Amino acid sequence: MNPQSKGLAVEDSLATDYLSEHHLELTLDGHYIRWRRDNPIHPRNWPVLRKCFDTGLICLLDFVLFLLGQVIGSIVLPPWSETFGRKRLYLISSALSSVCCVVVGVPHSLAAVIIGRVGTGMLAAIPYTVGGGSVEDMWSSRPRIWVMFLWTIASNLGLCIGPIMGTYVSTLLNWRWLFYIYAIIIGLMSVLFTFIRESRPSLLLTREVDKLCRYTGKRFQALNHDHHPDLRTFLKVALFRPAILFLREPLVFIISIMIAFAFSLLYIFTEALQPIYQTIGFSHTQSSLAFLAIACGIWFSTLTRLLDNRVFDTRRRKNLPFKPEDKLLGLAIGAPVLAVSLWWFAWTIPPKASNTHWIVPSVPLAMMGYALNEFDTVLYCYLGDCYLSYSASATAAVAFLRALLSGVFPLFTKQMFEGLTANVAVSVLAALATVFCIVPPLFIFYGERIRDRSPFAKHSVFIAGELGNKEEDY
């Protein structure tokens, strides 16, 4: 028992006993109550099966989503989750998303379609943005390598399977059935979300301290850095936090651009890939199967995660601290692979390469799938490790730009590929990808210095220390 606990015991043995029984403790200054490291209620200490169930359901929600409206949702929802909790957002969003799909599919009204699509898109921002915060809540640094990997795989596989499913369902049935099927799936998921737990540690700690107050009849205060006493304070501090991170944090700004570009590529190819393969000789439905090459490449990221684990274990054996930059190996490999794959694809497709076998441009698509998944997995994990409790807000800044560019790029994809030809259009994208090859060494050699100058990154580590988190959890 620390000195502060002894001091409290003299004044109120009832409160002291309660703290000991419920695995809570006073902060060093004796003013606040915080988690004890072994507290079973803290999300990091939940049973593995519980964490896997909650995380798996969040990943599944990320697998089935829409884009429209995500710009708004990515601004509003993550800060709300950091202040008021995660579970309620998942439950409400999945239920309302199912309703919005019915609104799109049933009425024969353009206004209803627009309202339903925007509503669904706004709700779909939750797994993209809030999901990263939930992962950080529950999983420490080492297992977070794999959890973030599975999370991004769910997202990217959804984007690859979506065009295939859309093509075959709309051809064999009707486009409205796309929304009916989605409404049924997401409706069932809404039921499952009632069984997940709230994972925001600060909110759970506040609830525990409220129980203590009711038990003792006295007033105690939780160490809650997310508490905002009124709506005005919430709007000022939390709601604008993603914008502040995007504009003032170089790491968030650069990562936002890279992920937005990588994500937009998938949406560009959603418009351009099928026409390209139709010129090779594929039918309308067969051409959608080209996305399977991208989906296959995604799974090669498993090899890079094994390398990440090896780096982690090596540093632990040598008693060296594990830094966020130690997880950037996948980005160092993925960036040049993406550039090479785009150059390769650009000049092995019609009209410049008219007699090439379809397997030749399909190989770089698999490479592209690997690289895009590395961008997502590594950069999101890097954000989570750098900004910890503010990871949802940092992710929101990324999701805002990603949703914005992904919504804009497809609007001129057709004109771009027809005006420049597919070869030149993909070459432009390849040139941009080549520029990104300078980012991995920049982060590896200067990332720690940039974080040291970041008030948000430093404050996140400070908060983690105050809350009693282990060093390896940072």
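In which loop does N319 lie? Keep that question in mind; the tour comes back to it.

**Before you start**

This is a predicted model, where local features need pLDDT of at least 70 and side-chain atom pairs count only at pLDDT 80 or more, while totals for chains, interfaces and linings use all residues. Residues are numbered from 1 along each chain as its sequence is written, and side-chain values use heavy atoms, with hydrogens and water left out.

**Stop 1: the whole chain**

Show the protein chain as a cartoon and you have 21 helices and two strands in view. Helices (H or I, at least four residues) and strands (E, at least two) are DSSP runs, numbered from the N terminus. Of the 474 residues, 54% count as buried; buried means under 20% relative accessible area, exposed over 50%, and partly exposed in between (1.4 Å probe, protein chains only).

**Stop 2: helices α7 and α8**

Select residues 141-172 for α7 and 175-193 for α8. Their axes come within 7 Å and cross at roughly 120°. That makes α7 oblique to α8. Angles under 35 degrees count as roughly parallel, over 145 as roughly antiparallel, 65 to 115 as roughly perpendicular and the rest as oblique. The axes are lines fitted to C-alpha atoms, for helices over the stretch in contact, and angles run from 0 to 180 degrees between N-to-C directions.

Next, show side chains: M165, G166, V169 and S170 in α7 meet W175, W177, L178 and I181 in α8. The residues of this contact divide into six nonpolar, two polar and no charged. Here Ala, Val, Leu, Ile, Met, Phe, Trp, Tyr, Cys and Pro count as nonpolar, Asp, Glu, Lys and Arg as charged, and the others, Gly among them, as polar.

**Stop 3: T152**

Stay in helix α7 and pick T152. Is this residue buried or exposed? T152 counts as buried because its relative accessibility is 2%. Leaving aside residues up to four places away in sequence, T152 touches N373, D376, T377 and Y380.

**Stop 4: helices α16 and α17**

Select 329-346 for α16 and 359-387 for α17, whose axes come within 8 Å and cross at roughly 150°. That makes α16 roughly antiparallel to α17. The residues of their contact divide into 22 nonpolar, three polar and one charged.

In the loop between α16 and α17, find P351. The peptide bond from P350 to P351 is cis, with omega near 10°.

**Stop 5: two backbone angles**

Most residues other than glycine have a negative phi, and most peptide bonds are trans.

Zoom in on H23, in the loop between α2 (13-21) and β1 (24-26). H23 is not a glycine, yet its phi is positive, about 60°. With 24% relative accessibility, H23 counts as partly exposed.

Finally, back to the opening question: N319 lies in the loop between α15 (301-317) and α16. Phi of N319 is near 60°, a positive value in a residue other than glycine. N319 is exposed, with a relative accessible area of 71%.

Key: Contact = heavy atoms within 4.5 Å.
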